[in-house]
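Visitor: Could you take me on a close look at a single part of this model, the place where the chains meet? I'd like one connected account.

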Protein chains: 2
Amino acid sequence: MNAPNAIPTHAARNVLFIMCDQLRADALSCYGGGGALRTPNIDRLAAMGARFERAYVSSAVCGPSRTSYYTGRYPGSHRVTWNRVPMPADEWSLGDYLAEAGRDCWLLGKTHFVPDRRGLAARGLSADGAAGERLMEGGFKVLERYDGHFEMDAGSGYRRYLIERGYDRDRPWERDVIGSTGPDGSFATGWLLRNAGLPARVAERDSETAYLTDRAIDFIQDQGEQPWVLHLSYIKPHWPYKAPAPYHDMYSAQDAAAPVRGQAERERPHPVHGAYQRHEESLSFARDEVWRAVRPVYMGLVKQIDDHVGRLLDHLERAGRLRDTLIVFCSDHGDLQGDHWLGEKEYFFEGAVRVPLIVYDPSSAADARRGRAVAETAECVDVVPTILDALGLDVPAHRVEGRSLLPWVRGQAGGPPREFAVGFLDYAYREARLFLDRGVTECNGMMLADGRYKFLYWQGLRPQLFDLREDPGELRDLAEEAWAAPVLRRMGDALCDWAWRRQRRCTETFEQVAARTHAHERMMNIVIGRW
Amino acid sequence: MNAPNAIPTHAARNVLFIMCDQLRADALSCYGGGGALRTPNIDRLAAMGARFERAYVSSAVCGPSRTSYYTGRYPGSHRVTWNRVPMPADEWSLGDYLAEAGRDCWLLGKTHFVPDRRGLAARGLSADGAAGERLMEGGFKVLERYDGHFEMDAGSGYRRYLIERGYDRDRPWERDVIGSTGPDGSFATGWLLRNAGLPARVAERDSETAYLTDRAIDFIQDQGEQPWVLHLSYIKPHWPYKAPAPYHDMYSAQDAAAPVRGQAERERPHPVHGAYQRHEESLSFARDEVWRAVRPVYMGLVKQIDDHVGRLLDHLERAGRLRDTLIVFCSDHGDLQGDHWLGEKEYFFEGAVRVPLIVYDPSSAADARRGRAVAETAECVDVVPTILDALGLDVPAHRVEGRSLLPWVRGQAGGPPREFAVGFLDYAYREARLFLDRGVTECNGMMLADGRYKFLYWQGLRPQLFDLREDPGELRDLAEEAWAAPVLRRMGDALCDWAWRRQRRCTETFEQVAARTHAHERMMNIVIGRW
């Protein structure tokens with residue numbers, strides 16, 4: 001395929017917004033990672049578009065990160081600080097902006113979205129028809145919602161599909177998708193890491209990744225020449241770490257990178273880091289047998305996604321859709337898998353907060369930059385404005401806190417460089433809060449990462465500081481070194497100054513504010529203080 | 001009247017929430033001010049209840065301040081940063097909390113509230129019946145809404161009342177309520193300060209303050225023994241500075257205090273202060289003839305309110321309602337009238353941000369403290385939790401940022417002392433922004449006032465610092481004195497730390513968060529990281 005030759009001059013008519021769940025940037029070969037794992041199809045997408053080397057999520061937790069991706073606002077603004085925290089009804093999602101332009105934002109897969117039913121009911125608010133569906137689904141028009149990670153409700157198309165295909169009629173996901181048959185013929189659940197290496201009972205063609213890809217290809221086919229916006233939201237490589245054959249044993253422990261971790265951070269950790277190390281998943285991944293068992297399966301799950309992304313790209317090319325489709329490929333956060341003696345994500349280490357972000361712009365304006373890596377810091381809040389910009393729609397700057405990445409994709413002047421990426425963590429919901437004996441309002445953490453340093457603010461506790469240039473592994477917390485005081489000061493001040501610049505007014509556009517400036521007499525016939 | 005003897009043991013069944021508009025704390029004799037102006041009736045309320053000596057509004061602008069009074073949240077949280085900025089539909093008001101308890105929050109007078117019609121329409125949201133009315137009126141059940149300060153729409157009961165009483169059929173408010181007849185018999189508008197001293201054409205009994213008081217007395221009478229919550233929101237002593245006889249010339253320029261102002265702040269002002277000094281109202285009030293003409297009329301308007309508050313208290317006493325009615329008396333902000341070379345309010349000087357706050361609690365638990373002045377810092381966000389607490393309703397701490405003042409009213413332990421009061425100013429809507437050539441997102445100001453210092457943060461500009469103990473007039477900005485650096489540092493850090501403690505989660509109660517802490521396996525059947 002020779003993408004550039006296929007690029008006409010007109011801009012995007014369609015948008016394919018692909019999100020993976022728990023995919024580390026350095027798992028992909030185009031991000032210089034992967035080791036034995038090669039991801040030629042995602043690499044091919046990167047060769048067609050722009051790859052953002054320093055892309056950060058605003059939270060390394062599914063719910064808050066996805067809400068930032070979908071609203072273009074930071075967790076401190078959209079207030080969905082954890083999984084399944086209902087989104088306040090005044091927040092606008094990508095689908096709400098598209099709806100104002102008469103377009104739908106179709107969903108296939110996971111969102112983790114929960115509406116604020118109590119708040120709506122208390123105010124007697126209701127919405128009917130398409131608006132009502134958008135409200136209940138975070139702005140999306142649901143083709144098929146599938147949040148994964150637990151036995152799906154009866155309404156799930158995937159569940160029906162599995163049952164029709166002859167899998168367990170009662171709990172097809174737990175029994176077959178994350179279930180395996182042990183060497184002794186007994187059932188082995190994917191909930192236990194010790195079983196990660198066993199192949200899922202489900203056939204690869206019936207697995208979550210294959211199923212969602214099939215649905216996406218069907219949808220794109222069905223649209224014909226009608227413009228569309230599709231959010232394809234994969235469940236994997238998120239746990240349960242369970243891959244179907246042949247991906248379950250495609251890689252071995254020898255192929256997997258060892259966790260990045262040091263003795264100092266284990267023996268004298270920051271209090272929050274120390275509390276997180278006591279979580280069950282951290283204690284598990286601290287053991288070599290665990291990461292050795294899990295990392296190869298994770299690699300297999302990533303390889304599987306890459307193969308299906310290849311199928312998707314082939315279909316788009318055959319259908320001529322590479323001519324007029326903006327493609328965004330990203331992840332809601334990474335996966336530590338033993339890095340820094342931690343399992344899961346959440347904590348502000350690179351393995352959790354740095355994600356892949358690839359933007360393919362079909363416009364000829366992007367031809368000159370295809371295949372380039374962009375050093376400019378990007379954040380997940382930039383996706384909404386990037387999509388609106390590519391479709392020629394106004395970016396509502398009085399609400400959206402990110403900015404369009406198209407100028408960087410096209411190598412144009414895109415305004416001043418972003419000084420830093422900002423991250424949020426509200427660990428009130430985690431056992432770490434209990435270990436630290438803190439109240440539910442005392443668990444705010446924030447990250448400020450400029451090109452050089454990563455500063456971590458912890459409510460009521462000392463900050464942390466890492467020098468990403470001298471210590472890319474983030475193994476040395478410099479916060480208590482005397483020379484670091486002015487750096488801490490500067491980063492702390494920058495974080496506060498950033499906070500004061502957050503959007504407060506979100507119900508009047510900048511133009512409306514400008515028009516109302518000093519306009520009381522003209523607009524309201526009010527005279528103030530005239531003698 | 002001997003209030004204490006009239007106090008039974010049971011708590012409040014009713015609430016009378018009285019707000020004045022633009023009333024300075026030091027205009028009242030119970031606040032040690034007033035000079036020739038005595039306010040015996042408001043003083044009498046203070047003698048029955050608790051008078052908060054250090055009560056601050058969260059903004060010295062009507063709209064944001066009232067929204068903070070009505071939601072119990074700071075402007076940075078409720079996002080209504082200026083007058084007539086629509087309130088996001090997810091914000092809860094006092095009336096919404098009362099509605100959940102099956103009670104109404106009746107409105108008589110001004111709110112300045114504007115619903116977010118565009119946001120509601122974009123999401124197809126609608127509400128019917130009582131819920132719909134609450135949504136459109138900021139949680140209130142409207143007895144009569146009257147925002148004042150401009151010719152009222154045809155729906156206003158006051159307008160109908162004036163026309164029925166024979167005043168101008170076309171523009172009764174402009175012609176008669178703020179209009180006067182000049183010495184030469186010509187019409188003299190109250191919009192011009194030069195006409196302040198002329199009596200309004202309207203008879204005192206038909207004036208705004210008299211009318212709203214009559215309606216309040218009628219309402220209370222009509223309720224009989226039914227419990228009620230009433231927000232009586234006076235328009236005065238807000239401009240237009242125009243009083244009916246005999247209040248128009250009850251005081252002379254000799255009775256009025258001269259503005260508090262110094263040469264240094266005029267010659268070398270902070271950039272924002274300097275820009276505000278260029279506003280028309282500031283240039284006017286900088287002239288002695290202007291404040292000499294206006295201040296006596298302002299005193300008369302305050303005296304008129306005091307007389308009507310007396311009528312109201314007499315009625316409550318006769319009706320036996322002092323037994324079971326919580327009374328809150330406050331103002332949405334003050335009025336500078338020449339202080340610091342400024343007219344209007346907005347700027348963080350004491351004359352604008354410090355307000356009267358008197359709480360009368362009928363409960364016998366308050367008997368021991370009646371008539372006391374409370375030194376504890378109070379803020380306008382404390383009114384919602386105080387009212388809910390007095391009615392025995394839960395205070396939704398996951399949304400409300402203030403705290404109940406009842407412990408201080410009753411002389412009980414009320415938790416740790418509040419470290420400081422916080423104020424917000426978004427001057428994007430003011431001519432000062434144009435003078436300073438700043439964008440609409442570059443005009444945030446914040447105040448942090450502890451018992452001793454007042455620290456002002458100005459986005460993109462140097463801070464200000466005043467020592468309220470050594471310089472109660474706030475005439476010496478200490479921010480540029482070398483010795484003040486550590487104080488600026490400490491206050492700036494405290495402001496940031498305060499910001500990180502703001503409510504982010506507002507759709508789950510603290511109890512819900514606590515119940516969900518480390519509960520994924522129990523509540524969701526999800527196993528994370530187990531070998």
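Guide: Happy to; here is a walk through the contact between chain A and chain B. Please keep in mind that this is a predicted model.

Let's begin with the extent of the contact. Chain A contributes 88 residues and chain B contributes 89 residues. Together the two chains bury about 8,600 Å², and 56% of that area lies on carbon and sulfur atoms.

The polar side of the interface is worth a look too. Between chain B and chain A there are 48 residue pairs in polar contact, counting pairs with both residues at pLDDT 80 or more. The salt-bridge rule finds 10 salt bridges across the interface. One of them pairs the side chains of Arg79(A) and Asp90(B), with 2.7 Å from N to O. On the side of chain B that touches chain A, helix α19 (residues 485–500) gives the most, with seven residues. That side of chain B consists of 39 nonpolar, 31 charged and 19 polar residues.

Now to the strands. Strand β5 (residues 125–127) of chain A and strand β5 (residues 125–127) of chain B run antiparallel and are joined by three bridges. Here Leu125(A) sits opposite Ala127(B).

Technical notes:
Residues are numbered from 1 along each chain as its sequence is written. Chains are lettered from A and ligands numbered from 1 in the order in which they are written. This is a predicted model: local features need pLDDT of at least 70, side-chain atom pairs count only at pLDDT 80 or more; totals for chains, interfaces and linings use all residues. Side-chain values use heavy atoms; hydrogens and water are left out. Contact means heavy atoms within 4.5 Å. Buried area is the accessible area (1.4 Å probe) that two parts lose on being put together, summed over both. A salt bridge is a side-chain nitrogen of Lys or Arg within 4 Å of a carboxyl oxygen of Asp or Glu. A polar contact is a pair of N or O atoms within 3.5 Å; within protein, one must be able to donate a hydrogen and the other to accept it, and residues adjacent in sequence count only if both atoms are side-chain atoms. Helices (H or I, at least four residues) and strands (E, at least two) are DSSP runs, numbered from the N terminus. Ala, Val, Leu, Ile, Met, Phe, Trp, Tyr, Cys and Pro count as nonpolar, Asp, Glu, Lys and Arg as charged, and the others, Gly among them, as polar. Two strands pair if DSSP finds at least two bridges between them.
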